[in-house]
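The following note concerns the structure shown below.

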Amino acid sequence: MEGNFLLAPPIAFLLLLLICVSGLYFSSSLSAHGKDTKRKFEAYACGQRNVVHNVSPDYSQFFPYAFFFTIMHVLTLIIATAPVEALTLPLLYVVVGILALLIIFRG
């Protein structure tokens with residue numbers, strides 16, 4: 001058998017899972033245990049109970065920035081990882097990326 005048996009992905013996953021579960025089990029004894037009351041598991045935020053939030057945020061102004069950074073990251077990844085022999089596809093991506101940026105920032 002080549003390599004280390006413990007580094008096989010299923011074995012390593014099970015070992016790390018066992019370590020994490022045992023860590024959670026032993027650290028639970030250090031946590032504070034509250035008394036069981038009727039309100040123990042109610043939602044609570046910022047000192048107020050049962051607050052109804054009527055605010056619905058509008059992300060329409062955020063979309064162009066998110067789209068811009070997505071385009072730039074994909075273009076950077078494509079250009080950085082493209083082999084020198086195959087420049088046609090990265091150049092095509094650059095042209096499409098420039099077109100997308102022009103569409104985003106149109107007047």
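**Notes on the predicted model**

1. Phe 67 has a relative accessible area of 33% and is therefore partly exposed; buried means under 20% relative accessible area, exposed over 50%, and partly exposed in between, with a 1.4 Å probe and protein chains only. Phe 63, at 52% relative accessibility, counts as exposed.

2. This is a predicted model, in which local features need pLDDT of at least 70 and side-chain atom pairs count only at pLDDT 80 or more, while totals for chains, interfaces and linings use all residues. Residues are numbered from 1 along each chain as its sequence is written, and side-chain values use heavy atoms, with hydrogens and water left out.

3. The mean pLDDT of the protein chain is 83, and 85% of the residues score at least 70; pLDDT is the predictor's confidence in each residue, from 0 to 100. Confidence is highest in helix H1 (residues 9-27), at 93, and lowest in strand E2 (residues 48-49), at a mean of 64. Where pLDDT is low, the predicted coordinates should not be read in detail.

4. The protein chain holds 3 helices and 2 strands, in the order α-β-β-α-α from the N terminus. Helices (H or I, at least four residues) and strands (E, at least two) are DSSP runs, numbered from the N terminus. Of the 107 residues in the protein chain, 7% are buried.

5. Which residues make up the largest nonpolar core? It consists of 5 residues: Ile 71, Leu 75, Ala 100, Leu 101 and Ile 104. Helix H2 (63-81) and helix H3 (88-104) each give two or more residues to this core, and H3 provides the largest share, 3 residues. A nonpolar core is a set of buried Ala, Val, Leu, Ile, Met, Phe, Trp, Tyr and Cys residues joined through side-chain atoms within 4.5 Å.

6. The axes of H2 and H3 come within 10 Å and cross at roughly 170 degrees; axes are lines fitted to C-alpha atoms, for helices over the stretch in contact, and angles run from 0 to 180 degrees between N-to-C directions. H2 and H3 are therefore roughly antiparallel, a term for angles over 145 degrees. Residues making the contact (heavy atoms within 4.5 Å) include Met 72 and Ile 79 of H2 and Tyr 93 and Gly 97 of H3. Leaving aside residues up to four places away in sequence, Ile 104 touches Pro 64, Phe 67, Phe 68 and Ile 71.

7. There are 4 aromatic pairs, where rings of Phe, Tyr and Trp (its six-membered ring) pair if their centres lie within 6.5 Å; planes under 30 degrees apart count as stacked, over 60 as edge-to-face and the rest as tilted. Phe 63 and Phe 67 are stacked, at 5.6 Å centre to centre and 15 degrees between the planes. Both lie in helix H2, 4 residues apart, about one turn of the helix. Phe 68 and Phe 69 form an edge-to-face pair, with 5.2 Å between centres and 75 degrees between the planes. Ring pairs also link Phe 68, Phe 69 and Phe 105 into a cluster.

Terms used
Parallel < 35°, antiparallel > 145°, perpendicular 65-115°, else oblique.
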